[in-house]
Amino acid sequence: MKRRDVLVLGLATLSAPSMLSPVRAQSRYPDRPIRLVIPFTTGGVNDAVGRPWADKMKTLLGTVVVENIGGAGGGLGAAAVARAKPDGYTILLGGMGSQVIVGVATNRANYDPIADFTPIALLGITALTIAVHPSVPAQTLTELIAYAKANPGKLSFGSSGAGAMTHLTGELFKSLAGLPDIVHIPYRGGGPLISDLISGHIPIIAQSVTAHMMELHETGKVRMLCVTSPKRLAAFPSLPTAVEAGLPNMVAQNFIGLFAPAKTPKEIIDQLAQVTRAAMADEQFKQAFVSAGFDPYPDSTPETTQQFVEAEIARWTPIIKSIGLKLD
């Protein structure tokens, strides 16, 4: 065989598929179920957003298994995701508790809410409300402020727990309205808090705006005086904002979004963000968010999610420090 023929044969052999040295194909993501960690116990407002997203992903992406890991204001579940392998198969449904409050209010957090996560998308934003028992003689937030000033030291407000967003919202209201004498009563969750408001055991609460709260308001069992969003909620347009009531800085929102461990490959983050935007374009899917008291966030990107979280940390850090909140 001539030398030229040997070279041609060798090149052909290198360019052809080899049974001895197969080229490993890139695996398709996802090729197994994805775990969505909700850092609170079942049945709360986070479930009302996270579980519909997981169900929607079955047709757009693949199986998503929900795991509730409650504790430490969202910190336990967030820490579990921060330590997970950054391969796109463990995702956090994060919010104010896990991504803002825990990082600011504790010196012993097991994770950094910015450095240890890669944002994927915001799903929705909800406001909170200042609500009163019907026996309280106030139909508006302005009337409640006047009533509280006329009765110093006689009122208290309840929250779903020390360090919760409801606690911070109540403290923000006290500060802006000049009502330092209102005593904070922390509860073990929103269920007992709302029950005691209905029964009249506590006169005022700060609570997330949910479908349940809206139903209680409409049936006269509680009276919601305002929402703490910059504008009125699509789910409840008849309820005025605290800003309209004369407190321009009374803005307190709870966001819920998707976060992956840091160093998750960009192509996976982009894929998760893309399918999430596709889900948010579905009107029926968006309506489920509205019914739960959330304003959907349909055009979120990883970049805008990062900017949003950083802005919330900057805004709430001085407030958390001013009330001396420590979760250690």
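**Cavity, pocket and core of a predicted chain**

About 30 Å³ of space lies in the largest cavity. This is a predicted model, in which local features need pLDDT of at least 70, side-chain atom pairs count only at pLDDT 80 or more, and totals for chains, interfaces and linings use all residues. Residues are numbered from 1 along each chain as its sequence is written, and side-chain values use heavy atoms, with hydrogens and water left out.

A cavity here is a set of points, on a 1 Å grid over the protein atoms alone, where a 1.4 Å probe fits but cannot get out. Points are joined across faces, edges and corners, and the volume is the space filled by probe spheres set on them. Searching the whole structure gives one cavity of 30 Å³ or more. Lining residues have an atom within 4 Å of a point. For the largest cavity they are Gln-99, Pro-113, Ile-114, Phe-117, Pro-119, Phe-259, Thr-305, Gln-306 and Val-309. The largest share, three residues, is from α11. Helices (H or I, at least four residues) and strands (E, at least two) are DSSP runs, numbered from the N terminus. By class, this lining has six nonpolar, three polar and no charged residues. Ala, Val, Leu, Ile, Met, Phe, Trp, Tyr, Cys and Pro count as nonpolar, Asp, Glu, Lys and Arg as charged, and the others, Gly among them, as polar.

Next comes the open space. The largest pocket holds about 1,300 Å³. Of its 48 lining residues, Phe-40, Gly-73, Ser-160, Ala-164 and Gly-189 are the closest to its centre. A pocket is an open set of points with protein on both sides within 12 Å along at least five of seven lines. Helix α4 supplies the largest share of the lining, five residues. The classes divide into 17 nonpolar, 27 polar and four charged.

Helix α6 (165–177) is among the elements that supply at least two residues to the pocket lining. Thr-166 has its place in α6. Its relative accessibility is 4%, so Thr-166 counts as buried; the cut-offs are under 20% for buried, over 50% for exposed and partly exposed in between (1.4 Å probe, protein chains only). The Thr-166 side chain makes a polar contact with the side chain of Ser-160, at 2.9 Å. Such a contact is a pair of N or O atoms within 3.5 Å; within protein, one must be able to donate a hydrogen and the other to accept it, and residues adjacent in sequence count only if both atoms are side-chain atoms.

Now the core. Nonpolar side chains tend to be buried together in soluble globular proteins. A nonpolar core is a set of buried Ala, Val, Leu, Ile, Met, Phe, Trp, Tyr and Cys residues joined through side-chain atoms within 4.5 Å. The largest one has 52 residues, and Ile-130, Leu-141, Leu-144, Phe-173, Phe-255 and Trp-316 touch the most other members. A second, separate core of 31 residues includes Tyr-29, Ile-120, Ala-121 and Ala-273. Leaving out residues up to four places away in sequence, Phe-255 touches residues including Gln-99, Leu-122, Phe-308 and Val-309. Contact means heavy atoms within 4.5 Å.

Finally, the whole chain. The protein chain has eleven helices and ten strands. Of its 328 residues, 49% count as buried.
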